[in-house]
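Here is a short note to read beside the model. Please keep the structure open while going through the points.

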Amino acid sequence: MERFEQLYREWKKEAKKLVNDLDVLPIEALVQVFDHVDIEKEKMDDVRKAVSLLILEETTQLPPNNQPTPDAVSLFIGYLASKLLKENATILDLGSGTGTLTHAVLSQLKDATAQAVEVDELLLRLSYSISNLLGEPVSYFHQDALAPLFVEPSDLSVADLPIGYYPNDEVAAGYDMKREQGHAYSHFLLMEQAIRHTKPGGHGLFVIPNNLFEQDDEGKLKQWMDREAVVKGVIQLPTTMFKDERYAKSLLLLQKVGEGVTRPKQALFVELPSFTDVRAVANVVKQIDDWFKTTQN
């Protein structure tokens, strides 16, 4: 048995005991476990893997928009971030949830710092305890990610976009992508908010539904992109990850307009194979590496 599996089993046992003895929610039990375990002699990769397994197990019953970004997807976004960023970069994660995405990105960057915005207090507490456990520099903001933010401009903004309508029409009215009729799409607004708080020339990486552009029935998304950002690429996630292809997702890479920013001669459009097919994934990664070498500005 690998070490991360041993840690997973040990911490799961401790969390289950807390649930039974103290009558707390499983996520609250995990917070207590992560706050008190001793990992001084452990490898950080083993710790992160064990944490990811526990988070995945204890969040399966949460609503879809509150479930963590799959670990394989988060790590792949981290790989892309490593291609985009230099040392000492700043990351912004809007709607950070359990922090899976934030932690995976930071694990692949050197001397990076992150800001995470999350409205759910329990999920934020869980992410905060994991950041402390992993020794990652993350500043947390407990608020609605679409309300006015007081964060520092970031080099890279990321978000696993929550799909649906945003009920606060008063807040939505301050966005370019508000709808003329009815509630605005929360996933449209969150992209706009992310790019607002990205430095000129910085990037945005978003987990989007495959039919994102088909949802743009009022043309607001296209108009906003034409003004504010350049589409650098779309990477379709493995269809094997989704029980129903109608809910399949992709990664959207944007670059905020700024001095020296131009549209690539050839945007990056690739479809990822199953993450279990190591050789096929390696071939796609090579394509992506080659693309970055020829187009990065």
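**Notes on the predicted model**

1. Helix 3 and its cover. The buried residues of helix 3 are covered by parts that include helix 1 (3-22), helix 2 (26-36), helix 4 (71-84), helix 5 (100-106) and helix 6 (121-134). This is a predicted model: local features need pLDDT of at least 70, side-chain atom pairs count only at pLDDT 80 or more, and totals for chains, interfaces and linings use all residues. Residues are numbered from 1 along each chain as its sequence is written, and side-chain values use heavy atoms, with hydrogens and water left out. Helices (H or I, at least four residues) and strands (E, at least two) are DSSP runs, numbered from the N terminus.

2. Burial and length of helix 3. D46, V47, R48, A50, V51, S52, L54 and I55 of helix 3 are buried. Buried means under 20% relative accessible area, exposed over 50%, partly exposed in between (1.4 Å probe, protein chains only). Helix 3 (residues 44-58) has 15 residues and should span 21 Å at 1.5 Å a residue; its end C-alpha atoms are 21 Å apart, which agrees. The expected span is 1.5 Å times one less than the number of residues.

3. Nonpolar cores. The largest nonpolar core has 37 residues, of which I77, L80, I91, I235, L251 and I288 touch the most other members. Helix 4 gives the most to this core: seven residues. Apart from it lies another core, of 31 residues, with V117, F188, F206 and L254 among them. A core here is a set of buried Ala, Val, Leu, Ile, Met, Phe, Trp, Tyr and Cys residues joined through side-chain atoms within 4.5 Å.

4. Eight strands form an open sheet of mixed pairing, in the order 3-2-1-4-7-9-8-10. Strand 3 (138-142) and strand 10 (268-271) stand at the edges with a single partner strand each, so one side of each has no neighbour in the sheet. The twist averages 15 degrees from one strand to the next. Strands pair if DSSP finds at least two bridges between them. Strand 7 (residues 198-209) and strand 9 run antiparallel, joined by seven bridges. H203 has Q255 in strand 9 as its bridge partner.

5. A loop residue. M241 sits in the loop between strand 8 (229-236) and strand 9 (249-256). M241 is partly exposed, at a relative accessible area of 31%. Beyond neighbours within four places in sequence, M241 contacts P70, V73 and F275. Contact means heavy atoms within 4.5 Å. M241 and F275 are 34 residues apart in sequence, yet 9.1 Å apart in space, C-alpha to C-alpha.

6. Salt bridges. The structure holds 17 salt bridges, each a side-chain nitrogen of Lys or Arg within 4 Å of a carboxyl oxygen of Asp or Glu. E42 pairs with R3, with the closest N and O atoms 2.6 Å apart. This pair links distant parts of the chain: E42 is in the loop between helix 2 and helix 3, R3 in helix 1, 39 residues apart.

7. The E180 and K220 side chains meet at 2.9 Å, N to O. E180 is exposed at 54% relative accessibility, whereas K220 is buried at 15%.

Methods:
Axes fitted to C-alpha atoms, helices over the stretch in contact; angles between N-to-C directions.
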